[in-house]
Amino acid sequence: SLLKKLDQDIEITVFLTGKQLPAAFQRLAKSTEDVLHNFQSISNKKINYSFADPQGDDTTVYETLQRFRMQGIPVTISAGKQGTTQQMVFPWILVHNKVTNVALPVFLQETNTPQLSRTVLNRSEMLLEYNIANAIAQVSKKAKEKIAFLLGNDEHIGMDMVSALGALGTYYYLDTLNINQVNAIPQQYDLLVINNPEQPFDAIQQYKIDQYLVNGGKVIMALN
């Protein structure tokens, strides 16, 4: 399995921790720890994990949350005689390859909600192993996969896309490809992204995309 074959050290930081976590979040945190403990054992301790309390005194914890855009969820907790108060909870882990310095955040909830219903909690727990294992697989890749963003039909590249590209660049080799300037789409690209083209594709362009797909290529299309 992936975990048994790991040859790089993976450090996982858990941010879902703290003395005043609501009961449902405490259960999710415990389930996360159980999965990580199991992964650590299977990987012969190539995987290690630790907890970082966002409400603690270590300012680097909050800086890490901000850098990787791991947003908190406001929840209501008991404040004793003062009634209740709100506190931010961060149901996130950060999976970090210590060799390549690639890191990937993982959201531990199935849906982003301050109230963990029994259904959402159960589904979140069911997805824990898959989501964490997938992140470990991503940061353990020996070579970055290549993604090309297709140009030539007035595709949309706005500030939102620039921001997304900046985040993706950590994990993938990114490129742009003008479909009108090549005879064929190179199969070296693992994925082709077509983002909101303003102009329709003519027959020649459609043929190029079709041949890329026939030969094993993958395409993601975002259309309005």
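Lys and Arg count here as positive and Asp and Glu as negative, with His and the chain ends left out. On that basis the protein carries 19 positive and 21 negative side chains. The centres of these two sets lie 9 Å apart. The model is a predicted one.

**Overall dimensions and surface**
- Taken along the principal axes, the box filled by the C-alpha atoms is roughly 70 × 40 × 35 Å.
- The protein has 224 residues, and 38% of them count as buried.
- Its accessible surface comes to about 13,200 Å², and carbon and sulfur atoms account for 50% of that area.

**Secondary structure and contacts**
- Five helices and ten strands make up the secondary structure of the protein.
- When contacts between residues at least 6 apart in sequence are considered, 72% join residues at least 24 apart.

**The four-stranded sheet**
- Four strands form an open sheet in the order S2-S1-S5-S6, and the pairing is mixed.
- Strand S2 (47-51) and strand S6 (103-107) are the edge strands, each pairing on one side only.
- From one strand to the next, the twist averages 20°.
- Strands S1 (residues 10-14) and S2 run parallel and are joined by five bridges.
- Within this pair of strands, Thr13 stands opposite Ser50 in S2.

**Helix against the sheet**
- Helix H1 (residues 23-42) packs on the sheet, where it touches S1, S2 and strand S5 (92-97).
- The direction of H1 makes about 150° with that of S2.

Technical notes:
Residues are numbered from 1 along each chain as its sequence is written. This is a predicted model: local features need pLDDT of at least 70, side-chain atom pairs count only at pLDDT 80 or more; totals for chains, interfaces and linings use all residues. Side-chain values use heavy atoms; hydrogens and water are left out. Two strands pair if DSSP finds at least two bridges between them. Helices (H or I, at least four residues) and strands (E, at least two) are DSSP runs, numbered from the N terminus. Axes are lines fitted to C-alpha atoms, for helices over the stretch in contact, and angles run from 0 to 180 degrees between N-to-C directions. Contact means heavy atoms within 4.5 Å. Buried means under 20% relative accessible area, exposed over 50%, partly exposed in between (1.4 Å probe, protein chains only). Accessible areas come from the Shrake-Rupley method with a 1.4 Å probe; for residues, only the protein chains shown count as cover. The place of a charge is taken as NZ of Lys, CZ of Arg, CG of Asp or CD of Glu.
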